[in-house]
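Please read these notes with the sequence and the model side by side. They are numbered so that each point can be checked in turn.

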Amino acid sequence: MRRELVGLFLVSTFLAGSLVAPGAANAAPARIASGWMPYWVTSPSKPQGVNSAVANADLFTDVSPFWYSALVGGPAGVQVKINPNFGNGAANIAWAMGQLKAAGLSVLPAIADGTGKGKMAAALADPAKRAVHVADIVNLVMANGFDGIDLDYEVFA
């Protein structure tokens with residue numbers, strides 16, 4: 001008798017679960033993608049990247065526009081600046097942030113390493129310089145209302 005009750009319990013649990021499953025199939029798609037956007041498609045005059053992210057916001061968890069570069073200079077030996085090729089960078093960033101945040105997207109701007117061979121590696125190897133660089137990045141995120149940052153330091157060594 002006990003074996004039949006266990007079997008009946010398992011069958012009823014399976015049937016109850018199968019009755020719920022079709023509703024899940026009709027649910028909105030889960031956000032599954034992170035998007036990188038080059039700086040040249042994130043301005044009011046060339047909005048293709050921003051427009052595409054906004055139009056597909058239901059699929060994106062976050063976007064990482066390439067707005068910043070780490071360049072030689074500053075107390076850490078490297079400093080984060082708006083990409084020098086971005087034109088009217090601050091105004092373009094403000095415009096894009098408004099569009100992306102209104103669409104419910106998290107914005108994690110990318111910082112590309114533009115310091116040249118060995119410069120970033122030297123800054124990161126020195127604890128004091130690394131601390132200054134980290135503080136600069138944290139200040140950048142906080143001052144601009146970003147949701148985080150994407151470090152694109154591919155060639156620092």
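1. Helices (H or I, at least four residues) and strands (E, at least two) are DSSP runs, numbered from the N terminus. Along the sequence, the protein chain then reads α-β-α-β-β-α-β-β-α-α-β. That comes to five helices and six strands.

2. The model is predicted: local features need pLDDT of at least 70, side-chain atom pairs count only at pLDDT 80 or more, and totals for chains, interfaces and linings use all residues. Residues are numbered from 1 along each chain as its sequence is written, and side-chain values use heavy atoms, with hydrogens and water left out.

3. Some totals for the chain come next. Buried means under 20% relative accessible area, exposed over 50%, and partly exposed in between (1.4 Å probe, protein chains only). Of the 157 residues of the protein chain, 33% are buried. The protein chain exposes about 9300 Å², and carbon and sulfur atoms supply 64% of that area. Accessible areas come from the Shrake-Rupley method with a 1.4 Å probe; for residues, only the protein chains shown count as cover.

4. Contact means heavy atoms within 4.5 Å. Among contacts in the protein chain with a separation of 6 or more, 74% join residues 24 or more positions apart.

5. How do helices H2 and H3 pack, and at what angle? Helix H2 (residues 48-55) and helix H3 (residues 89-102) meet at about 15°, with their axes 9 Å apart. H2 is therefore roughly parallel to H3, a term for angles under 35 degrees. Axes are lines fitted to C-alpha atoms, for helices over the stretch in contact, and angles run from 0 to 180 degrees between N-to-C directions.

6. The residues that make this contact are Val50, Ala53 and Val54 of H2 and Trp95, Ala96, Gln99 and Leu100 of H3. By class, the contact of H2 with H3 has six nonpolar, one polar and no charged residues. Here Ala, Val, Leu, Ile, Met, Phe, Trp, Tyr, Cys and Pro count as nonpolar, Asp, Glu, Lys and Arg as charged, and the others, Gly among them, as polar.

7. Is Met120 buried or exposed? Met120, in helix H4 (residues 119-125), is buried, because its relative accessible area is 0%. Beyond its neighbours within four places in sequence, Met120 is in contact with Ala70, Val78, Asp113, Thr115, His133, Tyr153 and Phe156. Met120 and Phe156 are 36 residues apart in sequence, yet their C-alpha atoms are 5.1 Å apart.

8. Ala112 belongs to strand E5 (residues 110-113). Leaving out residues up to four places away in sequence, Ala112 touches Phe66, Tyr68, Ser69, Ala70 and Asp152.

9. Arg130 lies in helix H5 (residues 127-144). Arg130 is partly exposed, because its relative accessible area is 35%. Not counting residues up to four places away in sequence, Arg130 touches Ala123, Leu124 and Ala125.

Terms used
Parallel < 35°, antiparallel > 145°, perpendicular 65-115°, else oblique.
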